[in-house]
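Here is a short briefing on one chain and its partner. Look at the structure first, then read the points below.

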Amino acid sequence: MGDCDRMKKHITDYLEHTLNPSTQKEFEQVLGKDDHLKKITSEVGRITNILGNLQSLRCSDSFNVKLREKILLNRKLPEKDPVKKYVLSISFAAIFILILVILNPFSSEETANSPLTPEASMQLSPEKNKQNINQVDNNNTGESLGGRDIKTLEEAQVHSDSTKDKSVPKLKHVDQKEIQESQP
Amino acid sequence: MTKAGNENQHPQGSDTKGQPSDEELIARFQQGDAYAFDLLVKRYKDPLLNFVYRFLGDLIEAEDIVQETFYRVYKNKHYYKEVAKFSTWIYTIAGNLAKTELRRRKRKRIFSIHKESPAEKDIELPDHDEDPEKEVNSVITDKLIQKAISSLPPKFRQVIILRDVQGFSYEEISSIIRVPLGTVKSRVNRARLRLQDDLSFLFDDVKDIAN
């Protein structure tokens, strides 16, 4: 049975006379003493013959007419302009990016809620924080505070009021009296 | 191995009988000769129908797919380059469409049950076969074989149809299904063994009757 299984993979080559001489000799030796292999080989040959002689089917008489109609129908349909398609997809991509920028998930609010400590976040982006504080200043007073010292005081005030963050290195040494004086 | 010279077989596409080759026809069609397309349709419609029908087991769907194949050829005629044979190209298109249909069926869980359709009345039996009993046996055998082919996994089904029903060489099959030559040979052998296993009873019955 082992020989038979091994030889099964050569059946097609044997029937098509494409086996190399040594394998063919071996195949024929097994074939001579193994009735099962002989039966399988014979049946595979017969099936191959049957498949080659199956009834042939013909397309219906209306095939050509239907095909012509199909071609004409699709000719009338406007074809999608590939340039238009690319322009559309680029526009969609641009809109998507714009929306992403507007609804930036890494905005300052998100940063405030980030797992980083306020100290760490300030250390990571001191410039950004300064900008944020300035923005808050402007919102609160409605006017620009031109002087450097006043700005620093205001920064300290707003920051101490809003975030209670007393860890900003530059603002630690601002005198509280000065802050009180600068307040109206 | 004997091969019947019937319409199951793919056209050889050569100009041995003074006919233009497939490649000449498609070149003419690419230059705007619509008659060349008609000749290609005439040459390939029946062999393609047999190929797709054996693959799907449904004649109406098979004809629709052959229509779609020719439509794709018409629409994409400029994609054909003469690096491959025209027959390889058109059979690849038809095979891909047939496989897509098979996948669609799987998705929709439609199991095609072979049913009598009006189009099947068009089946023409060979003229030389005048013995009615033989004719009936032939139809029964055909149906049994079609059932066995349909039960094969698609990758085996495709190669066995291309090789044994359509008569393509292994090299051509390798180009059509884009699979290495060795894999094609192995699949053909395994498909034949499976068919032998499924259809073995046919030969046992014949022996019983003979005894």
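Chain B has eight helices and zero strands; helices (H or I, at least four residues) and strands (E, at least two) are DSSP runs, numbered from the N terminus. This is a predicted model: local features need pLDDT of at least 70, side-chain atom pairs count only at pLDDT 80 or more, and totals for chains, interfaces and linings use all residues. Residues are numbered from 1 along each chain as its sequence is written, while chains are lettered from A and ligands numbered from 1 in the order in which they are written.

**Fold of chain B**
- From the N terminus on, the order is α-α-α-α-α-α-α-α.
- Chain B has 211 residues, and 37% count as buried (20 or more other C-beta atoms within 10 Å of the residue's own, with C-beta atoms placed from the backbone).
- Take the contacts in chain B with a separation of 6 or more: 67% join residues 24 or more positions apart. Contact requires C-beta atoms, placed from the backbone, within 7 Å.

**Core**
- The largest nonpolar core holds 60 residues, of which Val52(B), Val66(B), Ala94(B) and Val159(B) touch the most other members.
- α2(B) gives the most to this core, with 12 residues.
- Such a core is a set of buried Ala, Val, Leu, Ile, Met, Phe, Trp, Tyr and Cys residues joined through C-beta atoms within 7 Å.
- Not counting residues up to four places away in sequence, Val159(B) touches Ile173(B), Ile177(B), Val184(B), Arg187(B), Val188(B) and Ala191(B).

**Contact with chain A**
- Chain B puts in 42 residues and chain A 31 residues.
- At least two residues each come from α2 (34–56), α3 (59–75), α5 (132–150), α6 (154–165) and α8 (181–210) of chain B.
- α8(B) gives the most to this side of chain B, with 10 residues.

Definitions and conventions. Buried ≥ 20, exposed ≤ 12 C-beta atoms within 10 Å, placed from the backbone. Contact = placed C-beta atoms within 7 Å.
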